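Dear colleague,

I am passing on the structure below, and my notes on it follow directly after. Please read them alongside the coordinates.

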Amino acid sequence: MEDDRKGIEESLNNVIELPKKKSRYLSVVNDETGEVEAYIKLNPKNLGKGWIALYQNSSAWLAQQNLTGEQFKVLFYLFSKLDFDNYLRVTNKEISEWVHIQSTNVSRAMKALKDLGIIVEGSRDGLHKTYRLNPDVAHKGKDRDKNIIEFNAMKNSDD
């Protein structure tokens, strides 16, 4: 009887209050028992709303390119603005304001990324330049092979 009581008390220590709005929580389920073991509250302003596929080989390659801190900041900002089919429409001013570096340094960083073949300059959108990210580095969209062909065509037209 006392063993049963200890077991019940131990179980009570592990009781998890059910959330009021389940849609704002992620359930953690035990694979063996199928029981919910925890709820994780989701932050409505959480990161991760968008997605890109970043490739491991290209990540290792990027690490070997001796990019400066400013160039990496610009690159990661570009990742955050990547549209489907790897298009980018950003201004140097926008990048400068977000990553807190001078606009002239943004221009140098963009040139370095172009020289390495990470981005190519596309057609103008009004007064603004457009770019395309190399789909071998990261990709967003449905047809990566098509994006590789289009990126290489843009790159070859720049040469």
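**Notes on the helices**

On one side of helix α4 (residues 92-99), Lys93 and Trp98 are exposed, that is, over 50% relative accessible area with a 1.4 Å probe and protein chains only, where under 20% is buried and anything in between partly exposed. On the other side of α4, Ile95, Ser96 and Val99 are buried. These three cover an arc of only 100° around the axis, which puts them on the same side of α4; the arc is that of the directions from the helix axis to the C-beta atoms. The buried residues of α4 pack against α3 and α5, with contact meaning heavy atoms within 4.5 Å. After α4 comes histidine 100, with a positive phi near 60°.

The model is predicted, so local features need pLDDT of at least 70 and side-chain atom pairs pLDDT 80 or more, while totals for chains, interfaces and linings use all residues. Residues are numbered from 1 along each chain as its sequence is written, and side-chain values use heavy atoms, with hydrogens and water left out.

The mean pLDDT (the predictor's confidence in each residue, from 0 to 100) is 81 for the protein, and 73% of the residues score at least 70. Confidence is lowest in helix α1 (residues 2-13), with a mean of 58, and highest in helix α5 (residues 103-115), at 97.

The axes of helix α3 (residues 69-80) and α5 come within 9 Å and cross at roughly 75°, and the two are therefore roughly perpendicular (65 to 115 degrees).

Best regards

Notes
Helix = DSSP H or I, 4+ residues; strand = E, 2+ residues; numbered from the N terminus. Axes fitted to C-alpha atoms, helices over the stretch in contact; angles between N-to-C directions. Parallel < 35°, antiparallel > 145°, perpendicular 65-115°, else oblique.
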